[in-house]
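Hi everyone, thanks for coming.

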Amino acid sequence: MAATRPMAFRTVLVQDDGMPLPVPLAVAIYITIWFTVLFAILPIGVRSQQEEGAVVPGTEPGAPVAPRLAMKAVATTLISALLLGLLLAYMHWAD
């Protein structure tokens with residue numbers, strides 16, 4: 001019986017199409033990065049009702065006045081794509 005040669009770690013990770021990760025794993029990593037970046041971006045630029053001096057009766061004084069969630073979602077998507085691209089580039093060219 002012939003002994004099988006162990007495959008190198010790099011050989012297992014690199015796909016034939018040049019992608020350093022399988023697509024489902026890259027998507028899972030992107031989603032993880034996206035939520036991490038979102039939680040880092042959410043508090044930026046948010047002012048509470050109490051800080052603005054305009055507390056609506058019956059609401060929490062610490063509630064944000066204008067959270068700008070759409071802008072933060074777009075920024076999170078762009079930053080996450082950049083970070084994933086950097087990670088994939090590093091994995092592709094680093095040995």
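Helices are DSSP runs of H or I with at least four residues, strands are runs of E with at least two, and both are numbered from the N terminus.

A word on where this comes from: it is a predicted model, where local features need pLDDT of at least 70 and side-chain atom pairs count only at pLDDT 80 or more, while totals for chains, interfaces and linings use all residues. Residues are numbered from 1 along each chain as its sequence is written, and side-chain values use heavy atoms, leaving out hydrogens and water.

Now the whole chain. There are four helices and zero strands, giving the pattern α-α-α-α along the sequence. Of its 95 residues, 17% count as buried, meaning under 20% relative accessible area, with exposed over 50% and partly exposed in between, using a 1.4 Å probe on protein chains only.

Back to helix 4. Which of its residues are buried? They are Lys 72, Thr 76, Ser 80, Leu 84, Leu 88 and Met 91. Here is a handy rule: an α-helix has 3.6 residues a turn, so residues three or four places apart point the same way.

Next, the partner. Helix 2, residues 23-41, packs against helix 4 at an angle of about 135°, with the axes 8 Å apart. Axes are lines fitted to C-alpha atoms, for helices over the stretch in contact, and angles run from 0 to 180 degrees between N-to-C directions. That angle makes helix 2 oblique to helix 4; under 35 degrees is roughly parallel, over 145 roughly antiparallel, 65 to 115 roughly perpendicular, and the rest oblique. Contact means heavy atoms within 4.5 Å, and the residues making it include Tyr 30, Ile 33, Trp 34 and Val 37 of helix 2 and Thr 76, Ser 80 and Leu 84 of helix 4.

Finally, zoom in on Ser 80. Is Ser 80 buried or exposed? Its relative accessible area is 0%, so Ser 80 is buried. Not counting residues up to four places away in sequence, Ser 80 touches Tyr 30, Ile 33, Trp 34 and Val 37. A polar atom of its side chain also lies 2.7 Å from the backbone oxygen of Thr 76.

Key:
Polar contact = N/O pair within 3.5 Å; in protein donor to acceptor, adjacent residues only side chain to side chain.
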